[in-house]
Amino acid sequence: MSDLRLTHLRCEYLVDPLGLDERTPRLSWQLDSDRRGARQTAYRLLVSSSAERIARGEGDRWDSGRVLGDQTAHIAYAGVPLRSRENCFWCVEVWDETDASVRSASALWTMGLLEKTDWSAQWIAADPEIIRRDRNAVAPTLTASGTPAVFRREFSLSVAVKRATVYASARGLFELKLGGRRVGEDIFAPEWTDYDKRIHYRTYDVTALLAPGRNVLDAVLGDGWWSGYVGWQETRSRYGSLENSLLVQLEAELADGSHLTIGTDDAWQCATGPILHSDFMMGETYDARRTPTGWLPARVVAAPTAPLVAQRSEPVRITGELAPVSLNEIRPGVWIFDLGQNITGWVRLCVVAPAGTRVQLRHGERLNPDGTLYTENLRRAKATEVYICRGSAPGDVATSPRSGAAKRGEVAVSPVAGEEIFEPHFTFHGFQFVELTGLAGAPLPHAVTGCVIHSATPPAGHFECSHAGVNRLWLNGVWSQRDNFLSVPTDCPQRDERLGWMGDAQVFCRTASYNMDVAAFFSKWMIDVEDAQTPDGVFPDVAPRLREGDNFTGLGGLGGAAGWADAGIIIPYTLWRVYGDRRIIERHWTAMVKWVDWIERHNPSGLRVNELGNNYGDWLCLPSDTTFGTHSPMKNLLATACWADDATKLARLAREFGRRAEAQRFQAMFEKIRGAFQKEWLLPHGQLTVETQTAYLLALAFDLLPESVRARGAERLVDNIRVHGGHLSTGFIGISHLNPQLTLAGHADTAYRLLLRDDYPSWLYPVKHGATTIWERWNGWTHQDGFFNPQMNSFNHYSLGSVGEWLFRHVAGIELDPEKAGFQHFMLRPFPGAGLDFARATYRTLYGEVLSDWQRAGEKFKWTVRVPANTSARVFIPSESDTAVDADGLTVIGREGRFAVCEASAGRYTFTSTFRP
Ligand code: BGC
């Protein structure tokens with residue numbers, strides 16, 4: 001038997017996903033072994049209709065037979081055509097290079113409801129009469145959220161259940177319970193899509209929640225993206241309706257062989273419940289004294305015309321809990337808790353107080369100098385919870401443990417201490433500090449727990465080095481990613497915005513892929529991006545698109561801005577590069593081509609100077625220009641450069657996918673843009689007429705300079721940094737290129753100096769001043785001027801944290817092979833720099849975990865790497881040309897610049913050399 005371990009069995013990048021609607025889902029696994037040269041020579045996939053069959057090794061759905069080769073990812077199911085509701089148990093048998101074999105444990109996916117006719121449930125909404133009959137309830141308006149409706153349906157079962165599944169969707173957000181227990185752990189389901197184009201449904205296995213006898217399905221409906229505040233608009237109801245509606249279909253297979261289906265219909269009852277109102281931006285008010293009464297029949301409402309589709313990415317979950325690091329009573333009865341970390345989520349509140357006590361929680365990212373909560377930068381987001389205590393009653397039974405994240409949404413009353421525990425349902429905040437008021441006495445020591453929520457993308461990478469500030473900088477990027485990857489990649493989680501800004505997402509995408517496995521997350525979001533494309537081909541600036549109409553005034557269409565709309569090319573391209581995903585390209589190819597063709601139609605000269613939309617330019621560069629829709633030579637240069645990059649990427653993809661004519665066409669488009677660029681902006685000796693750091697960076701990154709002056713261009717960039725007193729001045733678009741381009745152009749020393757500065761403006765300036773996330777702008781707070789204008793000053797925007805990419809790619813040196821997509825063959829090429837004594841990174845690729853761990857002591861360089869089983873790497877050992885290299889048994893096949901080059905098969909290696917940074 002082989003010593004290989006088979007791990008990370010994934011279907012469409014997900015762990016045991018339920019309810020897929022991908023008809024040929026792709027499977028992958030990883031091989032684990034420290035044995036040098038360990039690799040797969042063949043595999044056999046088995047897919048079965050039952051756990052018993054897979055245990056017996058019967059592939060009654062699909063038996064791939066023995067397939068020769070080392071492929072372990074993106075293997076598309078090719079068995080019996082998949083039908084709705086099918087259970088697919090699968091495993092893989094792998095042969096290694098010695099022909100020994102090993103079989104994996106089994107994994108699962110299930111199919112969702114593939115046909116419209118699979119749904120017998122009907123969409124239901126509350127009878128508005130429930131609001132009229134309840135004197136404390138309020139109806140929703142365009143400016144205020146209403147009292148959420150609760151729904152219920154009782155039914156009884158005479159026999160035990162073999163298997164039961166719930167399929168559920170909503171226009172709005174649902175929380176479901178069966179027998180008083182929460183269905184699933186997802187938060188904010190169904191997640192955000194353009195509801196005019198598609199609506200998600202979710203699938204849950206509820207077998208364990210049903211029992212013979214009386215059963216109750218309970219649901220509560222919140223507003224969320226569907227009818228609540230989204231963005232900075234002054235009205236709610238983005239998709240044209242204030243009415244939330246619900247679709248639930250419970251299907252059970254019973255022990256006696258019969259089937260039961262319970263779907264939403266007019267047999268369901270509705271009422272108002274304890275939530276008085278709840279909105280993402282505004283917060284939630286919850287009166288724990290209220291229980292639903294006065295049930296009325298629910299109303300059947302028209303089904304949406306948009307199709308129901310399965311969610312294909314990790315759901316939003318609670319992924320962590322934080323206890324405060326300090327508590328301060330700043331004025332009598334006003335308590336400020338500091339979580340020590342800027343998070344996205346909410347507070348789990350624990351109080352003991354008489355019935356009717358109104359406890360108020362306000363959330364903020366920072367404190368004012370006098371210690372009060374700073375909320376000005378939230379703009380119109382009130383971010384306020386009010387919890388009205390129920391008061392403990394004799395005989396109360398605790399219904400949830402205080403720390404039980406799984407029980408979220410419960411109000412629990414402990415009979416012993418009289419504690420009430422509350423978490424909000426349909427709101428979230430971006431905050432580090434919490435202000436608690438309304439209690440007569442001091443809060444309990446455990447009154448406040450920070451619950452961290454985000455799309456539960458699995459962690460992938462970790463970086464650390466000898467500089468504590470840099471470690472915190474990397475961590476701040478990870479936190480801003482956690483805080484903003486909430487269903488879609490948002491700009492910020494705190495103010496009245498929280499939109500899927502495309503520029504921010506493309507700038508950070510590669511960094512994000514090192515921190516976490518974001519393949520499923522971005523694959524889902526690309527659907528939103530394409531859904532938002534205009535029939536002409538214009539990609540949006542934000543996705544999902546905000547429907548424009550009476551209730552929404554956009555910024556002149558929110559589409560087509562250079563560096564933002566281009567995410568429509570950059571995101572799929574990056575997913576292909578990092579994960580080797582070809583389907584993402586095949587699915588979005590037409591949309592990508594349409595975008596570039598649209599640009600060309602409007603810019604026949606090869607300069608992108610027309611139809612620039614809001615034209616954000618190098619957003620928040622220094623000095624910054626935040627006017628919209630204005631023109632400048634720098635904005636024209638940036639737009640032209642981004643277009644050139646689009647053309648290069650499409651040419652490369654077309655070559656890769658065998659589209660020869662298109663490859664030529666896009667290559668010619670690139671050459672034309674490049675020529676026009678040089679004619680317009682290039683002076684002799686690599687000088688540009690627009691002299692900003694970003695202008696040089698884009699020219700270098702996108703190959704827009706003649707080879708003969710590239711080095712001079714890079715020197716001018718370095719000069720520009722010198723002119724800025726050794727400081728960076730780039731905005732969102734330039735920043736991710738800054739240190740990578742400096743490094744590749746032979747100026748790693750400048751890149752390290754920029755990294756290690758902590759005076760304003762620099763990456764470490766916020767870190768020095770206590771930042772726990774990446775700030776939106778370099779000058780969000782400065783010693784000299786205090787807080788920047790609160791109209792646009794978030795302390796949790798990831799774009800400027802895109803230096804994370806460089807930490808992995810160039811400091812640790814874990815880098816893609818320029819010729820091959822995915823990390824099955826990759827490069828290990830660190831650029832150790834002065835100022836760091838060691839750097840260590842791990843990164844779980846789709847093929848296994850890579851390690852790069854180097855130390856410097858004087859001129860002595862020692863480097864340990866791990867090349868995962870079934871992969872190989874070109875290893876570049878930093879070394880002076882005239883010195884000896886210990887390549888740990890590998891053959892040095894040549895030298896490239898200051899590197900000795902080897903080719904490594906799987907295994908662990910330690911190299912030593914002499915190197916002077
Ligand atoms: C957002 C940004 C976004 C920008 C467009 C801002 O309001 O917060 O991150 O990219 O607008 O310029």
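# A walk through the predicted model

By a simple distance rule, the count here comes to 69 salt bridges, where a salt bridge is a side-chain nitrogen of Lys or Arg within 4 Å of a carboxyl oxygen of Asp or Glu. Before we go on, note that this is a predicted model, in which local features need pLDDT of at least 70 and side-chain atom pairs count only at pLDDT 80 or more, while totals for chains, interfaces and linings use all residues. Residues are numbered from 1 along each chain as its sequence is written, and side-chain values use heavy atoms, with hydrogens and water left out.

Let's start with one of those salt bridges. The side chains of Asp134 and Arg290 meet at 2.6 Å, N to O. Asp134 sits in the loop between α2 (129-132) and β11 (149-157) and Arg290 in the loop between β21 (283-287) and β22 (296-297), so this pair ties together parts that are 156 residues apart in sequence. As for the labels, helices (H or I, at least four residues) and strands (E, at least two) are DSSP runs, numbered from the N terminus. Asp134 counts as buried at 13% relative accessibility, and Arg290 counts as buried at 13% too. Here buried means under 20% relative accessible area, exposed means over 50%, and partly exposed is in between (1.4 Å probe, protein chains only).

For another kind of pair, look at helix α14. Asp749 and Arg753 both lie there, 4 residues apart, which is about one turn of the helix. Their salt bridge has its closest N and O atoms 3.9 Å apart. Asp749 is partly exposed at 41%, and Arg753 is exposed at 53%.

Arg916 and Glu880 also form a salt bridge, with the closest N and O atoms 3.9 Å apart. This pair links distant parts of the chain: Arg916 is in the segment after β47 (899-914), while Glu880 is in the loop between β45 (860-878) and β46 (892-896), 36 residues apart. Arg916 is partly exposed, with a relative accessible area of 39%, whereas Glu880 is buried at 11%. Salt bridges can also join up into a network, as they do for Glu12, Glu22, Arg26, Arg312, Asp581, Arg583 and Arg587.

Arg856, in strand β44 (residues 848-857), is buried yet has no salt bridge; the nearest side chain of opposite charge is Asp837, 4.3 Å away. For charge, Lys and Arg count as positive and Asp and Glu as negative, with His and the chain ends not counted. A polar atom of the Arg856 side chain does lie 3.2 Å from the backbone oxygen of Leu836. That is a polar contact: a pair of N or O atoms within 3.5 Å, where within protein one must be able to donate a hydrogen and the other to accept it, and residues adjacent in sequence count only if both atoms are side-chain atoms. Leaving aside residues up to four places away in sequence, Arg856 touches residues including Pro832, Gly833, Phe861 and Pro917, with contact meaning heavy atoms within 4.5 Å.

Next comes the ligand. Among the residues around it are Asp491, Arg495, Trp501, Asp504, Tyr616, Glu776 and His797, each having a heavy atom within 4 Å of it. Polar side-chain atoms come up to ligand oxygen atoms at 2.7 Å from Asp491, at 2.5 Å from Asp504 and, as an N or O atom, at 2.9 Å from His797. The protein covers 96% of the 310 Å² of accessible area that the ligand has on its own; accessible areas come from the Shrake-Rupley method with a 1.4 Å probe, and for residues only the protein chains shown count as cover.

Most residues other than glycine have a negative phi, and most peptide bonds are trans. Arg498, though not a glycine, has a positive phi of about 55°; this residue is in the loop between β38 (488-489) and α5 (502-515) and is buried at 4%. Glu611 has a positive phi near 55° as well, but is partly exposed at 44%. A cis peptide bond joins Ala189 and Pro190, with omega about -5°, and the bond from Tyr760 to Pro761 is cis, with omega near -10°.

Last stop: Cys451, in strand β35 (residues 448-455). Is Cys451 buried or exposed? Cys451 is buried, with a relative accessible area of 0%, and its contacts include Ile318, Ile343, Trp346 and Glu423.
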